[in-house]
Amino acid sequence: MFLSKRARQFYCRARFLFLSCGALLAGIVDTGCARREPPANVTIINGAEPESLDPAIVTGQPELRIVIGMFEGLIRLDPRTARPVPGLAERWEISPDGLIYTFHLRTNLVWSTGEAITADDVVYSWIRALDPATASDYAGQLFYLKNAEDFNAGKIKDPSLVGVRALDPFTIRAELNHPTAFFLDLCAFPTLYVVPRQTIEKYGDRWLMARPLPSSGPFELAAWRLNDKVRLKKNPRYWDAANTQSEIIDLLPIASPTTSLNLYQSGRADVVWDKTLVPVELLDVLLQRPDFHTFDMLGTYFIRLNVTHKPFDDPRVRRALALAVDKDRIVKKLLKAGEKTASHLVPDGVPDYVAPAGLGFDPEQAKKLLAEAGYPGGKGFPRFDYVFDSAAGGAAAIHENIGVELQQMWHDTLGIDMQLRQMEWKVYLSAQNRLDYDLSRSSWIGDYNDPQTFLGMFTSDDGNNRTGWKNKSYDALIQAAGREPDRQKRAHYFQQAETLLVRDEVPIIPLYFYVGVNFFDPKRIEGIDQNILDNHPLNCIKKVQPPK
Amino acid sequence: MYFLKRLLFAVPLLVVISALAFALVHLAPGGPFDRERTPASPEIERNLKAKYHLDEPVWKQYFRYLGDLAHGDFGVSLKYRNHSVNDIIAQGLPVSMLLGGLAFCLATAIGLPAGFITAARRGRWEDYAGSLLALLAVCVPSFVIAPVLILIFAIKSNLLPVALWGSPWHMILPPVALGLYFAGKISRILREGMLQAAQSEFVTAARAKGLGENALLLRHAFRIALLPVVSYSGPMLADLLTGSFIVENIFQIPGIGVFLVNSVTNRDYTMLLGLSLLYAVLLIGLNLLVDLAYTWLDPRVKYE
Amino acid sequence: MSEPAPSHLSPNQRAWRRFKQNRPAVGSAWFLILLLLAISAWPVALHLSGPAFARDHNPDQLSDAQFVPPGAQHWLGTDVHGRDLFSRILFGAQISLLVGVVGTVVSLVIGVLWGAVAGYVGGRTDSFLMRIVDVLYSLPSIIFVIVLLTTLGDLLKQLPLVQNSPGLAGSLRVMLLFVGLGAISWLTMARIVRGQVLSLRTRSFVEASRTLGAGAPRILFRHIIPNIFGIVITYLALTMPAIILYESFLSYLGLGVQPPMASWGTLMAEGVSEINPIRIYWWLILFPGAVLVMTLLALNFLGDGLRDAWDIKN
């Protein structure tokens, strides 16, 4: 016909190729057009992709920062002081013995979809967090309530036996096992946030995919695309909506410090906040910039020693190791964000508590102790390992760097040989849990503003101990502090416990206190206050035009 | 007939692959719910495991998984507990396919002409330059190319976006970073194939018939040389389509490539299995297509 | 083009001649020889030199001279811990090349044996063996490697042998890398070898050997394997760069060699993490990258040259 046979053959065979090219073009156009959503008021780089946005099961900081925008509990934390202030509850009473808390809910509360929020919702949320079927990691936050732990363990099946009840549609009564000084702080913790019963009962585990998603907090979830963004838009039905400063906030899940910096510099992101997102090597330049902010944080970086492995069962050896670490050098050479060296575990800044001083840097004393323990000059000291998790794909290699420095310090001062063992994350956790290590890098961020969150870890039975250290006096002190209503006496118990921990027995060697960092231009972004919990309520943040 | 047999054979193959992958992930130490913070009581951990049936013996878990699979349900991701694996794949696969498709187009658009020219001009400066560039593309790792490209085009000159995905401007650098390696590979394979074809009896006979040198190369050697390129394209497309981890990581592209590697690190069993099966299905399907293309390109090839 | 091959030379000698005429290949061979010499000579040089020089250039020695650009004292600059980059590159070369060679040998041994057996025995055995290759081919290799490294590493650590000798534990990780990388690269080799063996099996000299009463192993080792020698060698030279690249990818993921040991992969990963809009320590990425790329180029040219030389198409 009019096309030669060969040409026809070619077009026949090539039609597959043309089809796929067409599909590709369609894909490009579609992606380009579909993303024509309105730009956000504020774009924040939040760290890792959130594993979940269900307040009852989230545990990590990136998740918590988003969830505080979507839901709320009885109590909020003041953005400047991080102290408890009224949230969904407008006032409360505490019984004289400290065991009964009565919360009075605001009467005008509604979900973003219009239904009323009542005391039953609050009770439902707390019971749900304790329900074994929800499998919440942080159910332990509620164990201070009567019968809560047994309900979670399945020993009690009837939820009405748990120490929280709705007395009327606006009153909640919580009954504790013993007086807990930080219970109000706990009520501000996301595990105790109020979640929409109507949606959860309808959709089960995938309730977060429902749209519109009812929200009890200042923002609603507009979009959640994995590894892309979480978009929050203002909830006009929030009781404090008048004070929500932005209409749309985008939170981007980016884990690489370099990419975050690139996006920030090119203007695609307004805020970068997560302590893992700091390019450490650039800190000396960054610290000079007015848009780079550092603040003290409630977190400590420390070394765990496995006291079940010889020779670390001898406290003199452990003290020697602690005394031989030049923490100033590590902080100045490797960290540079103004971190403070730590000789004790509980960071400074916790109210009503002054931590006791731990061991400092004293190489002579260290050598003496090591000799006393039977290893003069390091002779005969077995080779041991230092376990840490690997950094991958652009994350900062801080653990490796610290390990390398420690290796040299201990070699030069004490003459002992340490081997570095980098492990994949899960293998590292597994090794720690099985006590299959000699020394391990560790860190802990406090959940709430009280020494309990740090010191409670090292009691004999706590799952977070992971050093094999069991000490009855320590356990007794922590328990006594837990039951003591008077804050001064309580602080005294904690001080004694911490002295035991960081001066005498030394199953851990604190290295430094975390410094939180964030990037934002204070002339253009308002509403981010620095506090030690790194807690930044999203409703306060707004973008302003810089003054001309 | 042959292809029908191949398709039928694919099903038991997939079952074997799923069993193998299942066994592999469960062998690795550590579980999906190991965290830095141990829960406050061992009961909490037990509840968590029970919810996702991780307390059952491995073979039982496997059969449960197969049963769900028969309904097309890949299960809930153990790391992103509010998303099912189906959700995640549905969100991420189109993006990865777009990225991979663009990279493939780029690789063929650069690689085929480059291979052709270096073969046609063998021994001259075009050959040396082209071969060197092709080899460079193959030898420089993509996690070096990508940041360098970002540095030059996005940071220093502000021409293109630094990262993320969403507008046509975002779709320039990532496919380049991804596709350069394959462009180099294709160029080398085509050159190799054409040089071999130029010596084959088929082309000698055509030359004897008196056809000119250029026409010769174009029509005969090229078609023959396409065979190894096509056979390489099968696995190459499968790799490209399931997203490159490195490029998606550096450019923060919401595809599924990142999930593949992260699911191993997180011990997210369901995610890992789902993606492995996806990869296997794609590979098998593409290999089938490749063999089909063989019969089009070279009528001598017959399958029994 | 080349002159007609003199008939008095053996095939191997002819191939060697062809190889020598290929300039890029010969140049690459010289480059690799020089590299190997440098790698072996440098530790000796450090050992023999004065204490100050040795200390400065010790690849594991930390100093306060962080991020020093290339200069008189540190020829290629220093890294975050003040370690000399030139030294680290040469010591890292040991690991990278070792990983490449051993990984390649592992893939060679498994691949050739597998493919040769499958191709020669044929029938159901061939089907079975090749199906296994298909299955393994369809698994994303990254999963396999990560699981292999973590599981085997954990298992082997439990062995009393390893626990008693700490030096062994360190090298264990590197050895696992060899095995892991080799284990995922033998598949293509097996396929190619099987194809060649299949076609060789029907050739007359093999038939003749069989009628004379030679058993299968004898035929395999005396006739088949020498004839696939050429293609195997060329594939080897091409697999090695792939393995070295894969090792660098694993280092980027944090799964490569342990610190403070260096390999080119870890050096590149470190260097790449320093690329940012504010300040670039260019020497940390340029020098390891250049050395890696040149070595891989050399290996590729060498492989091409070998293939061109040993090509028995005519």
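**Cores and helices in a predicted model**

Trainee: Which residues have the most contacts inside the largest nonpolar core?
Mentor: Keep in mind that this is a predicted model. The largest nonpolar core holds 271 residues. Those with the most contacts inside it are F103(A), W126(A), F183(A) and I142(C).

Trainee: How many residues does the second, separate core have?
Mentor: Look for F384(A), I398(A), V404(A) and Y514(A), which are included in that second core. Its size is 44 residues.

Trainee: Back to I142(C): which residues is I142(C) in contact with, leaving aside its neighbours within four places in sequence?
Mentor: Contact here means heavy atoms within 4.5 Å. From chain B, I142(C) touches L260(B) and V261(B). Its contacts in chain C are Y246(C), F249(C), L250(C) and L253(C).

Trainee: What is chain C built from, helices or strands?
Mentor: Chain C has 314 residues, and 50% of them are buried. The tally is 0 strands and 12 helices.

Trainee: How far apart are the end C-alpha atoms of helix α1 of chain B?
Mentor: This helix covers residues 2-27, which makes 26 residues. At 1.5 Å a residue it should span 38 Å, and the model agrees, because the end C-alpha atoms are 37 Å apart.

Trainee: Where does α1(B) bend?
Mentor: The bend is about 25 degrees. A proline, P12(B), follows within four residues of the bend. Among the buried residues of α1(B) are A10(B) and L13(B). The bend itself is at V11(B).

How values were computed. Residues are numbered from 1 along each chain as its sequence is written. Chains are lettered from A and ligands numbered from 1 in the order in which they are written. This is a predicted model: local features need pLDDT of at least 70, side-chain atom pairs count only at pLDDT 80 or more; totals for chains, interfaces and linings use all residues. Side-chain values use heavy atoms; hydrogens and water are left out. Helices (H or I, at least four residues) and strands (E, at least two) are DSSP runs, numbered from the N terminus. The expected span of a helix is 1.5 Å times one less than its number of residues. The bend at a residue is the angle between axes fitted to the seven residues ending there and the seven starting there. Buried means under 20% relative accessible area, exposed over 50%, partly exposed in between (1.4 Å probe, protein chains only). A nonpolar core is a set of buried Ala, Val, Leu, Ile, Met, Phe, Trp, Tyr and Cys residues joined through side-chain atoms within 4.5 Å.
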